[in-house]
Amino acid sequence: MLLPAKAEVARQLRRYRAWERVMLAAPNDRTVRTTFEDSGYTLCVLMGKRCAREAADAAERYLRTNHVTYLQEQQITCLQEQHIACAQEPAERPRPATAVRRRPPAAERRSPAPERRSTAGR
């Protein structure tokens with residue numbers, strides 16, 4: 001797995017935290033909110049996470065540890081999440097009942113649009 005440069009992660013994390021503070025001070029400012037969301041998206045892409053908060057946490061862990069330790073932590077976290085997801089799924093999924101489709105009588109199967117006659121010859 002490729003990991004981003006620690007200097008870039010640190011820079012993006014600082015940018016995200018700075019815009020987070022600005023956004024909390026002015027939550028109704030659309031420009032601030034957009035820039036904050038953009039910085040969160042960049043951090044998500046950089047850290048491979050779906051949520052900006054998760055990406056910020058992952059970035060902080062990444063900056064605290066070395067590459068090998070971070071990758072081991074990520075692998076353990078991934079395995080734990082898979083185990084939880086497997087434990088939550090039922091052992092055998094119930095099959096949906098097959099629906100019986102009944103068609104209306106032939107007299108009622110006509111198109112709802114009225115027939116139009118050409119008025120070109122009149």
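## Ser39 in helix α2

Ser39 counts as buried because its relative accessibility is 0% (buried means under 20% relative accessible area, exposed over 50%, partly exposed in between, with a 1.4 Å probe and protein chains only). This serine belongs to helix α2, residues 30–47. Helices (H or I, at least four residues) and strands (E, at least two) are DSSP runs, numbered from the N terminus. Apart from neighbours within four places in sequence, Ser39 is in contact with Arg15, Tyr16 and Trp19, where contact means heavy atoms within 4.5 Å.

## Basis of the model

The model is predicted: local features need pLDDT of at least 70 and side-chain atom pairs count only at pLDDT 80 or more, while totals for chains, interfaces and linings use all residues. Residues are numbered from 1 along each chain as its sequence is written, and side-chain values use heavy atoms, with hydrogens and water left out.

## Overall architecture

The protein has four helices and zero strands, in the pattern α-α-α-α along the sequence. Of its 122 residues, 20% count as buried. Among contacts between residues at least 6 apart in sequence, 51% join residues at least 24 apart.

In helix α1, the buried residues are Val9, Ala10, Gln12, Leu13, Tyr16, Glu20 and Met23. Seen down the axis of α1, these residues fall within an arc of 170 degrees, so they line one face of the helix; the arc is that of the directions from the helix axis to the C-beta atoms.

The buried residues of α1 pack against α2 and α3 (52–64). On the face turned away from the buried side, α1 carries the exposed residues Ala7, Arg14, Arg21 and Ala25.
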